[in-house]
Amino acid sequence: MPVDGRIGCRKLVAADKDDVEEMVTKYFCPNEPLRSALEVVYPGKVDTEFVRKHAEECMSCNSSLMAYNIQTGETAGIILCEVLRYKDDQTMDDEKWKAKFRNRGVTTINAKLFETLNKNLGKVTEGKMCFRIYLATVNPSYGRLGIMSGLVERIELVAKDLGCDFIFMESTSLYTQRIASKLGY
Ligand SMILES: CC(C)(COP(=O)(O)OP(=O)(O)OC[C@H]1O[C@@H](n2cnc3c(N)ncnc32)[C@H](O)[C@@H]1OP(=O)(O)O)[C@@H](O)C(=O)NCCC(=O)NCCS
């Protein structure tokens, strides 16, 4: 990573669970644009779900990385990913789910966006192994040092190593969209 050899990078392991939970709760959740909309529908449950789903499930896949401060051991950034296969007929078009959002006065634009993005994924990937970047966050003390860009570049090697034919991410933040586009996504 382009940060003067002060930052190291390694796979996340089960023993990192508490650090990962802290990163997700402290730095990811408050900055996630969709969180406030989801919080209206699932009050008090969203952060727990991010931690349960992303931190616990992703860490069991051996497909996530952390960047850390070599001198202090402090976690500087994490990227949580999952290996999966999409079926041809897989769709996120769940009318009940959308109705629940609508009934509580939440815009379904974001839901529609995800649905459209993911609708034909199975057809495109033809059931091959996919590598999905779920969540990424950097401790603001280490911001703008190229840590997230470096993590995404390295995670591509992990995806290849795990035999994935596709890698993709959904970016809800303009900054991560910029990073993704700079890296050619
Ligand atoms: C967004 C985030 C992951 C960026 O991490 P980072 O390690 O600082 O990113 P990088 O240093 O690799 O930045 C790469 C590019 O992203 C853009 N960028 C990142 N942070 C930015 C900021 N605060 N303001 C403007 N552009 C920014 C820039 O184009 C930057 O390139 P440059 O520094 O050459 O101009 C980090 O700020 C973060 O964790 N934010 C809170 C959580 C979050 O938003 N997660 C994503 C939700 S989908």
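**Entry 1: isoleucine 155.** I looked up the contacts of isoleucine 155 and, setting aside residues up to four places away in sequence, found Leu65, Ile79, Cys81 and Ile133. Two residues are in contact if their C-beta atoms, placed from the backbone, lie within 7 Å. The model is predicted: local features need pLDDT of at least 70, side-chain atom pairs count only at pLDDT 80 or more, and totals for chains, interfaces and linings use all residues. Residues are numbered from 1 along each chain as its sequence is written.

**Entry 2: the core.** I noted that Ile155 is among the residues touching the most other members of the largest nonpolar core, together with Ile78, Ile79, Ile147 and Leu151; this core has 36 residues. A nonpolar core is a set of buried Ala, Val, Leu, Ile, Met, Phe, Trp, Tyr and Cys residues joined through C-beta atoms within 7 Å. A residue is buried if 20 or more other C-beta atoms lie within 10 Å of its own, exposed if 12 or fewer, and partly exposed in between. Elements giving two or more residues include strand 3 (75–85), strand 4 (129–138) and helix 7 (147–161). Helix 7 gives the largest share, 7 residues. Helices (H or I, at least four residues) and strands (E, at least two) are DSSP runs, numbered from the N terminus.

**Entry 3: proline 33.** I located proline 33 in the loop between helix 1 and helix 2 (35–41). Proline 33 counts as exposed because 11 other C-beta atoms lie within 10 Å. Beyond its neighbours within four places in sequence, proline 33 is in contact with Thr172 and Ser173. I also recorded 9.6 Å between the C-alpha atoms of proline 33 and leucine 174, which are 141 residues apart along the chain.
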